[in-house]
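Subject: Structure handover

Hello,

Here is the structure I promised to pass on. Please open it first, then read my notes below.

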Amino acid sequence: MAVNNIIKRIQNVMRQDAGINGDAQRIEQMVWMFFLKVYDAQEEVWECTREDGYTSIIPEELRWRNWAVDNADGEALTGDDLLDFVNNTLFPTLKDLNVNADTPRSHLIVKEVFSDLNQYMKNGILLRQIVNIIDEIDFAEADDRHTFGDIYEGILKDLQSAGNAGEFYTPRALTDFMVEILNPQLGETFGDFTSGTGGFLTSALNHLKAQRKTTDDEKLYQQSVIGQEWKPLPYLLSITNLLLHDIEAPNIRHCDSLGTPYNSFKEKDKVNVIAMNPPYGGSTEASVKTNFPSDMRSSETADLFMVLIMYRLKAEGRAAVIVPDGFLFGVDNAKLAIKTKLLRDFNLHTIIRLPGSIFAPYTGIATNIVFFNKERAEGASEQYATKDVWFYRLDMPEGYKHFSKTKPMRLEHCEPIRQWWNNREEIVSDELGEKSRKFSAEELIALDCNFDQCKFPKDEEEILPPAELLANYYKKRAALDHEIDRTLAEIEKILGIEIPRD
């Protein structure tokens with residue numbers, strides 16, 4: 001069945017309802033219905049395949065098949081009766097499902113999903129129309145399950161216009177490319193501790209699908225990805241998305257990843273592969289910072305997530321993390337401690353500089369991909385696990401001035417990185433400037449952990465919103481002041497004098 005325009009049809013109906021105020025509410029409204037529809041389709045599979053039988057955690061009269069399906073016989077709930085059922089029976093019951101320590105994960109997710117959800121619509125006739133549109137999709141059919149990917153992408157585009165999509169969404173081209181480079185294997189665990197709508201997790205699952213050959217492989221596939229997400233809407237989207245990727249009990253936790261003390265992580269809490277785009281530009285509460293080593297207690301969430309990743313990566317594990325430019329040139333004590341630890345305890349082998357418009361239109365902050373492994377590089381000195389760090393600048397593709405909603409980044413735009421990755425060479429010229437360079441760990445330490453190498457030419461810098469522009473200027477001024485102070489201290493040491501300071 002053709003469902004490519006399903007989002008547009010839902011939008012048109014919801015615009016008529018007085019209870020829906022803005023994109024965020026509309027998205028939440030339709031996604032809880034998608035979840036129940038998808039979950040019902042998954043339960044049909046469990047009913048047919050589980051030899052010991054299957055009993056739903058959802059009371060029989062509240063299952064999608066028993067209240068949402070309209071058989072065109074005039075018996076389907078609609079109008080005030082439907083509103084009363086959804087508001088006073090469906091939501092209260094699902095929010096208060098009886099669960100305990102023995103409840104299977106596949107059942108727990110129902111209560112977790114509904115714990116923070118709301119029902120906004122006020123017109124029961126319009127609500128019935130939305131339910132009927134969603135019920136047109138047969139998630140038991142492979143084509144319709146596949147088409148949900150298009151619906152999902154449509155929802156993500158709507159999230160972008162809802163004003164806070166930067167917290168949840170990473171372009172598919174980047175998630176696929178980073179997973180391709182990390183190359184997770186069946187039997188390894190793949191984690192994202194700010195999993196948002198599940199982009200990295202689904203990219204990993206797509207990568208692992210082709211490796212399934214036996215029933216044992218299928219068991220490994222089911223246990224292969226781990227996520228954590230604090231906000232209810234992206235959490236709901238990610239759970240629904242993993243169900244449609246054949247994960248029967250999505251292991252995504254609705255929790256604050258930064259809320260656990262670093263020294264309480266045990267081996268079972270660690271993973272083999274991590275790919276993340278932590279939220280940046282925000283600050284965290286003082287109480288959260290105490291969960292981290294004293295020298296790395298940053299007020300910026302992106303810094304704390306980098307520390308979290310270091311403590312949750314298994315020995316010989318691999319990680320790829322998107323970080324803002326501020327992390328590279330930052331000189332505050334926490335950033336210096338974090339970057340020093342990366343060089344001393346990890347093989348920080350590659351930093352990819354990304355064009356500033358990749359995350360347009362919701363932010364113009366320039367970003368980078370930091371690749372590192374929890375291992376000692378061959379030939380590294382005793383003081384460092386890193387031997388060399390390669391920097392590579394990904395320039396805009398030919399014919400593009402910048403990326404946008406209508407011209408987003410595509411996977412083929414990563415091809416220059418692929419060609420360079422396995423045949424690395426320094427690229428420095430008058431025309432290109434420093435496009436690729438290698439620095440030893442010792443050189444970067446001598447540079448006071450200034451990772452701001454292979455910069456973009458000035459004429460390609462994006463014009464940022466005033467607040468972001470000012471924040472970057474202050475950070476760069478702090479970096480420059482720090483560099484001047486360090487140089488002056490070295491001169492004083494050479495001359496054997498000490499200049500009094502006010």
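Let me start with one arginine. Arg437 is partly exposed, at 24% relative accessibility. Here buried means under 20% relative accessible area, exposed means over 50%, and partly exposed lies in between (1.4 Å probe, protein chains only). The side chains of Arg437 and Glu434 meet in a salt bridge, 2.9 Å from N to O. Such a bridge puts a side-chain nitrogen of Lys or Arg within 4 Å of a carboxyl oxygen of Asp or Glu. Glu434 is also partly exposed, at 28%.

Two notes on the source. This is a predicted model, with residues numbered from 1 along each chain as its sequence is written. Local features need pLDDT of at least 70, side-chain atom pairs count only at pLDDT 80 or more, totals for chains, interfaces and linings use all residues, and side-chain values use heavy atoms, leaving out hydrogens and water.

Salt bridges

The whole structure holds 28 salt bridges. One of them joins Glu112 to Arg105, with the closest N and O atoms 2.9 Å apart. Glu112 is partly exposed at 21%. Arg105 is buried at 13%. Glu267 pairs with Lys270, at 4.0 Å between the closest N and O atoms. Salt bridges also link Asp40, Glu43, Glu47, Glu60, Arg63 and Arg65 in a network.

Cores

A nonpolar core is a set of buried Ala, Val, Leu, Ile, Met, Phe, Trp, Tyr and Cys residues joined through side-chain atoms within 4.5 Å. The largest has 99 residues. Trp32, Phe35, Leu36, Tyr39, Trp67 and Leu90 have the most contacts inside it. Helix 2 (residues 23–49) gives the largest share of this core, 12 residues. Another core lies apart from it, with 42 residues, including Val271 and Phe327.

Helix 13

Helices are DSSP runs (H or I, at least four residues), numbered from the N terminus. Helix 13 covers residues 301–312. Of its 12 residues, 11 are buried, so the rest of the structure largely encloses this helix. Among the buried ones are Asp303, Phe305 and Arg312. From first C-alpha to last, helix 13 reaches 16 Å, close to the 16 Å expected at 1.5 Å a residue. The expected span is 1.5 Å times one less than the number of residues.

Cysteines

How many disulfides does a search of the whole structure find? The count is 0, taking a disulfide as a pair of cysteine sulfur atoms within 2.5 Å. Cys48 is exposed, at 69%. Cys449 is buried, at 3%.

Best wishes

How values were computed: Helices (H or I, at least four residues) and strands (E, at least two) are DSSP runs, numbered from the N terminus.
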